[in-house]
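Please read the sequence and the structure below side by side.

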Amino acid sequence: MANIVITGELFADAVDRLIHAGHSVIHRAEPSPIHRDELLAAARDADALICLVSDRIDEQMLARSPNLRIIANVAVGYENIDTEAAKRHGISVTNTPDVLTETTADLTVGLMLAVARQIAGGDRDVRAGRFGAWGLLPLRMGTDVHGKALGIVGMGRIGTAVARRGRFGFGMHVLYYDRGRNFPAEQELGAVHVPLDRLLQQSDFVCIHVPLTPSTHHMFGAPQFRRMKRTAYLINVARGPIVDEEALVEALHAGWIAGAGLDVYENEPSVHPALIALDNRTVLLPHIGSATRETRRAMAHIAVDNVLAQLSGRQPPNLVPDS
């Protein structure tokens with residue numbers, strides 16, 4: 001029997017699989033992030049840890065968890081985990097890839113529509129009794145999405161899924177920037193591989209789909225926003241620190257770009273107050289890219305698959321590349 005710690009809410013049917021396998025499970029079924037001291041205490045005697053991307057797993061925690069054999073992150077990204085430290089301690093690290101591709105792509109398109117068509121602002125005004133000639137007010141008029149140029153920064157699984165929706169759903173012309181060519185996407189979607197500067201200059205919507213790494217930290221700052229069209233929108237569902245929020249606020253205030261749709265932030269759960277104040281230029285979501293019942297349940301079961309494989313002496317199916 002192994003001791004398994006789950007740091008946040010997980011679907012009951014996934015937790016039951018661990019219990020039915022004969023393991024002892026501590027399940028912190030709370031929606032709020034676990035406090036650091038609570039995490040350190042809970043992981044001390046754990047053989048397996050199922051955690052969220054909001055949980056910081058570092059050398060300090062790993063050094064205090066001598067029995068730990070696997071860290072199963074319920075997310076695609078794993079920048080919250082010191083994978084080098086985990087490797088030194090002989091601990092496997094896994095994630096939940098592939099399953100949230102289509103869900104995150106759906107949300108990306110939703111943000112594009114919401115910020116371009118002033119959907120959130122319209123909802124607020126109707127609820128406040130400001131119906132009238134709302135759609136005729138210049139400051140409240142939106143912009144079309146169909147037929148525009150869609151710039152994808154990072155043409156991986158999610159980027160390609162967004163491009164597919166843009167091309168076939170809205171007749172958009174797709175540009176993309178990536179370190180390598182995505183030939184299948186070029187053939188299927190007519191996507192054009194371009195340098196980042198050209199993408200910024202020509203795109204009406206710039207969607208970020210790269211992972212957070214040292215090279216992508218603050219990939220979007222003042223120089224990038226100045227290169228974008230004044231009528232363009234930035235959409236970020238990847239990771240908050242890819243965007244320099246101070247520069248984004250400046251870009252929105254100065255009118256360098258038209259608006260932004262964000263699901264992630266530089267200092268989550270804190271959101272820059274100026275972004276909140278710019279409610280006619282921003283649509284802000286609380287990091288819900290994968291937040292559908294179907295996707296979150298699938299992610300939970302993938303994490304459990306990884307843990308059960310490790311505890312039974314098999315290689316987990318979703319080891320991260322650095323593990």
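In this predicted model, strand E6, residues 149-153, and strand E7, residues 173-177, run parallel and are joined by five bridges. Within this pair, leucine 150 is found opposite valine 174 of E7.

In general, the strands of a sheet pair through backbone hydrogen bonds, and the pairing is either parallel or antiparallel. The sheet in this chain is open, has seven strands and shows parallel pairing, in the order E8-E7-E6-E9-E10-E11-E12. Its edges are strand E8 (192-193) and strand E12 (282-284), each of which pairs on one side only.

Which helix holds threonine 103? Threonine 103 lies in helix H5, which comprises residues 101-116. Its relative accessibility is 16%, and because buried means under 20%, threonine 103 counts as buried. Leaving aside residues up to four places away in sequence, threonine 103 touches Gly289, Ser290, Thr292 and Thr295.

Turning to the whole chain, there are 13 helices and 12 strands. The radius of gyration is 21 Å, close to the 20 Å that the globule rule gives for 323 residues, so the chain is as compact as a globular protein of that length. Along the principal axes, the C-alpha trace spans about 65 × 50 × 30 Å.

Of the contacts with a separation of 6 or more, 59% are between residues 24 or more positions apart. Buried residues account for 51% of the 323 residues.

What remains is the surface and the charge. The accessible surface of the chain is about 15000 Å², and carbon and sulfur atoms contribute 53% of that area. There are 32 positive and 36 negative side chains in the chain, and the centres of these two sets are 5 Å apart.

Key: Residues are numbered from 1 along each chain as its sequence is written. This is a predicted model: local features need pLDDT of at least 70, side-chain atom pairs count only at pLDDT 80 or more; totals for chains, interfaces and linings use all residues. Side-chain values use heavy atoms; hydrogens and water are left out. Helices (H or I, at least four residues) and strands (E, at least two) are DSSP runs, numbered from the N terminus. The radius of gyration is taken over C-alpha atoms; the globule rule is 2.2 Å times the number of residues to the power 0.38. Buried means under 20% relative accessible area, exposed over 50%, partly exposed in between (1.4 Å probe, protein chains only). Contact means heavy atoms within 4.5 Å. Accessible areas come from the Shrake-Rupley method with a 1.4 Å probe; for residues, only the protein chains shown count as cover. Lys and Arg count as positive and Asp and Glu as negative; His and the chain ends are not counted. The place of a charge is taken as NZ of Lys, CZ of Arg, CG of Asp or CD of Glu. Two strands pair if DSSP finds at least two bridges between them.
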